[in-house]
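Here are a few notes to keep beside you as you look around. Take them in order, and turn the view as you go.

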Amino acid sequence: MKKAIILLFTFSLLVFATPENDVNNQPSYDLAKISIQPAQADPIYPPVG
Amino acid sequence: MEFGPLIKFYRTQKGITQKELAAGICSIPHLSKIENNSKDANGETISLLLERLNVSFEEMEEKEELIKNLLKDFGEKINFYLREEIEIIFTRLKEIEHVIPFSDYIYSYELYKYRYLLFKGLLAEADTQRDILYKQKKNFSQHEMYLFRYYNAVSLILKGNHKKADEIFDELFAENNNETTNGEFLYHLALVKSALDQPGHAIHFGRLALQIFMNQHNFYRILHTLMLLGINYTNSNIYEEAQVCFKHLIRNAELLKEERMLPQIYHNMGYLQDKMNNPKNALLYYEKSLSLQPVKNQHYIVTLYGIGEINYNLKLIENAKECFLQVKSLSKDLGIKKQGLLAEFYLIHMESPEKAMKYLEMKVIPFLEGSKEHKEERIRYYKLLSQHYNQQGNYLEAVNYLSKIT
């Protein structure tokens, strides 16, 4: 009985501790946004002349 | 003026023999020595010889004075960035080009010709002119030598070799006891420092140049220097000063109807807004800039790429994709590598971030490392790769990229 309670407790811990969205279903551009920022284009320089 | 070679030039051009020309004026050997500059002839003999050739002695002296004044004017117009007037003076110089080799201004003329070709961006022709001048450099005066080295540095800027240009500028500046009243020189020096990611130095020299241009009422160069200062204030995170520069520029460019510069100013205002984390404002300015750029050239690609990045960061992925696809295609047509590579990186990243990281390592990083510039961007992508490897648990590679930053 004691063993069963421990097992049940462990199992419930496992269930609760698992993140809801363990599988990455984010679109790739969301990932890109997180990692690429901050990105900046180039300025345009005045002429050398 | 070198009258001996001048007499020889006109005699040959008119198909007259030495005997015919010398008859009644001087002996043939004497004429031969005059023509070869091995004997100084008196003014009267020269006058008589020129008269027989239907060339006026006074006219030749006047031409020498004209060459001197035209060259002085030519240098000034280049300093003032007056494109149309430069063309007019160059045409006038071309008209008397056949006399110039006999004047004291032969090297000055050839040097200004070199400067003209650089001004026009005709780099291949400028290189040929540089090679011609290089062979003559032992005959240059001190000032001519200074101009030759300075123009070589300008040529290097135009070719994107800023590191080498910087070395020449530093040498020239040091030889001048680290001071100069030449606004053009200071402006070019500021341009080089800016390209080498030294915004502090660029601001220092830019401000010195601005002061000189303002004293000269050199309006075009004031606008150019303000633009350069605005970019460097932006890169130094001195945003208020940058905004002042760009607002001032927009006002003046609109007032002067400076249509060529206006889209570039709007672009740089967008660049500033992007840095200030105002992406929506940045997008507005970039789009305003793009709408004023009818020609699909390098500037167009830079602005379009900026729009792509902002759209991407604002999660407007379809818009971003459209921009990057256009950038990719245009950069291929125009042979502009940087924006093409970066646009491709984003496009791959939309499909597979993992593949994009490989692309970054294989294509983008080697390109950025190949030049002395793009330091800030290199750091950004090193951080990105380090973060990527860190997430993957590949700490060795993560540390490798981190160590490249320092």
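1. Helices H7(B) and H8(B) are roughly antiparallel to each other, a label given to angles over 145 degrees, whereas under 35 counts as roughly parallel, 65 to 115 as roughly perpendicular and the rest as oblique. H7 covers residues 106–119 of chain B and H8 residues 123–136, and they pack at about 155° with their axes 9 Å apart. Axes here are lines fitted to C-alpha atoms, for helices over the stretch in contact, and angles run from 0 to 180 degrees between N-to-C directions. Helices are DSSP runs (H or I, at least four residues; strands are E, at least two), numbered from the N terminus.

2. A word on the source: this is a predicted model, where local features need pLDDT of at least 70 and side-chain atom pairs count only at pLDDT 80 or more, while totals for chains, interfaces and linings use all residues. Residues are numbered from 1 along each chain as its sequence is written, and chains are lettered from A and ligands numbered from 1 in the order in which they are written.

3. Which residues bring H7(B) and H8(B) together? Among them are B:Tyr107, B:Leu111 and B:Lys113 of H7(B), and B:Glu125, B:Arg130 and B:Leu133 of H8(B); contact means C-beta atoms, placed from the backbone, within 7 Å. By class, the contact has eight nonpolar, two polar and four charged residues (Ala, Val, Leu, Ile, Met, Phe, Trp, Tyr, Cys and Pro are nonpolar, Asp, Glu, Lys and Arg charged, and the others, Gly among them, polar).

4. Next, look at H12(B) (residues 199–216) and H13(B) (residues 219–235), whose axes come within 9 Å and cross at roughly 155°. This pair is roughly antiparallel too. Its contact includes B:Ile203 and B:Phe213 of H12(B), with B:Leu228 and B:Tyr233 of H13(B), and divides into eleven nonpolar, four polar and two charged residues.

5. Helix H20(B) (residues 353–369) has a kink of about 45° centred on B:Leu360; the bend is the angle between axes fitted to the seven residues ending there and the seven starting there. B:Leu360 is one of the buried residues of H20(B), which pack against helices H19 and H21 of chain B. B:Ile365, also in H20, is partly exposed, with 19 other C-beta atoms within 10 Å (20 or more is buried, 12 or fewer exposed, in between partly exposed).

6. Finally, the two chains meet: 19 residues of chain A contact 31 of chain B. The chain A side has twelve nonpolar, five polar and two charged residues.
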